[in-house]
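Dear colleague,

I am passing on the structure we spoke about, together with some notes on what turned up when I went through it. Please have the sequence and the coordinates open as you read.

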Amino acid sequence: MKKSVLALASLLSFGSVAVEFKVRDEAFIENAASHAISIKDWDSPENAASTFPHGYKFTSAYYKLDVNGVSPQKLMSADALDLSKLMVSDIDGKIDLETFLRDRLKNHSMVVLKGDRIMHEHYWNNMSDKSTHIDASVTKSFTSMAAQLAVAKGQLDMSKLVIEYLPELKGTAWETATVQDVSDMRTSVIMKIAKHKSWDDRMSDSQSYYGDTAKDYPNGVSDYFPMVTEHKYKMGEAYTYQCVNTEVLGKVVERASGKLLAEYIELIFQSAGTENEAYLVSDHAGGAVAAAGLNASTKDLARIGQLFLNDGKNYKGEQVLSKAWVDSLYAGNDVVRAAWSMSKEAALADGWYKDQFRLLKIENREILAMVGIHGQIVAMDRDSGAVIAMNGGYPQTETARMALSIFYKVLPTIFEAVEAVKH
C-alpha cells in the first residue's frame with residue numbers, strides 16, 4: 001500500500017488540488033474492534049447504527065473534500081412539519097410518520113428543504129446537523145454530475161465509446177458501450193452478484209472496502225474491470241442496475257478531464273453552498289469509489305438537491321449544472337423508457353433511469369431521486385418545490401418493503417404536507 005499512497009501524494013502535489021488523500025485511521029479501527037466491530041463486517045445490519053455515520057473511517061483510504069472559504073447558503077428554520085401528526089399505513093394500521101421512520105425504517109436523519117426554509121429536520125442515532133453519513137449509491141448521482149461538468153468544459157462526449165477514453169477496456173463487456181450507455185446503466189454486463197446486492201464482491205475487494213488488498217489488486221478497482229467480459233442483452237437495450245458501470249464512468253471522467261473525480265465532486269459541494277465536511281472513499285491506489293463512496297451531511301445533500309429544482313442554478317443564481325441536462329432527467333427519452341420497462345424496477349413505478357438518477361411517477365407526482373441502499377435518499381419534487389434528504393440504516397439493501405415504504409408512504413406524505421403549509 002505504501003507505494004500507491006506515495007504515488008498518489010506525488011500526483012496531488014501538481015496543480016491546485018484542494019482534496020486531501022488520507023489513509024485509514026488505525027486508532028479508530030482499534031477502538032471499533034473493542035466494540036466487536038471489524039473492518040470485515042463494519043457495514044453489516046448489526047453494526048449499521050454505529051458505523052454508517054463513520055463509514056469512510058473503515059475503508060482503506062479516502063479523500064477529504066475541501067469546502068473551507070466558501071460561502072454557505074444560509075437557511076431559516078421554519079419548523080413547519082410535525083411528523084408525529086402525519087400518518088401512514090403499516091401492517092398494524094395507521095402509524096405516525098415519526099415512529100414509522102425511526103422504528104420501522106431505521107432512519108437516522110432527515111432534512112426537508114424548500115428554498116431557504118428548513119421545513120423539518122431531525123437527527124437521531126446520536127447524529128447532528130454536521131454529522132456525515134455514508135450515502136451509498138447516492139454517490140452515483142454525484143459521479144454523473146461530475147461527468148456533466150466535464151461535458152460542459154468540452155472534455156467529455158457522452159456519445160463516444162468508452163474505449164476511446166479507456167482503451168484498456170478493449171476485450172471487456174464495455175468494448176461496444178458508449179459513455180451514455182454506461183451512465184444510463186444500459187450495458188447489462190454479467191457479473192457474480194449475490195442476493196440483495198447490486199455489486200460483485202470481487203469489486204469490493206479490489207476497492208479495499210474491507211481492508212487493504214493491494215497485493216491481489218495493485219491497481220485497485222481498475223484491476224476488476226478485465227474480469228467482466230460479457231453482457232446479457234444487446235448493448236444499450238436494457239436497464240440493469242449495476243454498480244460497476246458507475247466505477248467505469250468515474251474512470252472515464254478522470255481520463256477525459258485530467259482531474260480527480262474527487263475534485264469535481266468537491267466543486268459541486270462548493271458551488272451549491274454547503275457548509276460541512278464531506279469525504280469520498282477511495283481504494284488503496286487512490287481510485288475513488290464512484291458508485292458508493294460519498295460521506296456527507298444530510299443538510300448539505302438537501303442543499304445540492306435544490307440544484308434540480310432551480311434549473312441547475314445555486315442559491316446565488318449561478319449556473320452550476322446545465323439546465324438542458326437537468327431538464328433531460330425530468331423528460332427522459334424513448335430509449336431510457338424502453339430500457340426501464342425491461343427491468344425489475346419497472347414493477348415499482350412507471351419511470352426511467354437516466355444518468356444515474358431515477359425519475360419515478362408515483363401518485364400523480366414525478367419524483368426525481370438519488371437512491372442508495374439502506375435508506376439513503378435525496379428526492380426532489382417540482383410540484384411542492386421541496387427536497388427531502390434522508391440517511392438511514394435499514395437492515396437489508398434491496399427489498400420491496402423498503403422501496404414501497406419510502407416511495408409510496410414517506411415521500412408522498414411529506415411532499416403533500418409541504419404543499420399544505422400556509423406561507
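Predicted model: local features only at pLDDT ≥ 70, side-chain atom pairs only at ≥ 80, totals over all residues.

Which residue is the bridge partner of D90 in β5? The partner is G93, and the pair belongs to an antiparallel arrangement in which strand β4, residues 87-90, and strand β5, residues 93-96, are held by four bridges.

As to the chain as a whole, the secondary structure consists of 13 helices and 15 strands. The radius of gyration is 20 Å, which agrees with the value near 22 Å that a compact globule of 423 residues would have, and the C-alpha atoms fill a box of roughly 55 × 55 × 45 Å along the principal axes. Of the 423 residues, 60% count as buried, and among the contacts with a separation of 6 or more, 69% are between residues 24 or more positions apart. The accessible surface comes to about 16,800 Å², with 50% of that area belonging to carbon and sulfur atoms. As for charge, the mean positions of the 46 positive and 55 negative charges lie 1 Å apart.

The part around β7 may interest you. Strand β7, residues 117-123, is largely enclosed by the rest of the structure, because five of its seven residues are buried. With strand β6, residues 107-114, β7 pairs in the antiparallel sense over six bridges, and one of the pairings sets V112 against H120 in β7. The hairpin of β6 and β7 has two residues between the strands, and G115 there takes a positive phi near 60°. With β3, by contrast, β7 runs parallel and is joined by two bridges; in this pairing M76 stands opposite R117.

Finally, a word on L81, which sits in the loop between β3 and β4. Is L81 buried or exposed? Its relative accessible area is 7%, and since anything under 20% counts as buried, L81 is buried.

With best regards

Methods: Residues numbered from 1 in each chain as written. Heavy atoms only, no water. Rg over C-alpha atoms; globule rule 2.2 N^0.38 Å. Buried < 20%, exposed > 50% of the residue type's maximum accessible area, 1.4 Å probe, protein only. Contact = heavy atoms within 4.5 Å. Areas by Shrake-Rupley, 256 points an atom, 1.4 Å probe, with all protein chains shown as cover. Lys, Arg positive; Asp, Glu negative; His and termini not counted. Charge placed at Lys NZ, Arg CZ, Asp CG, Glu CD. Pairing = 2+ DSSP bridges.
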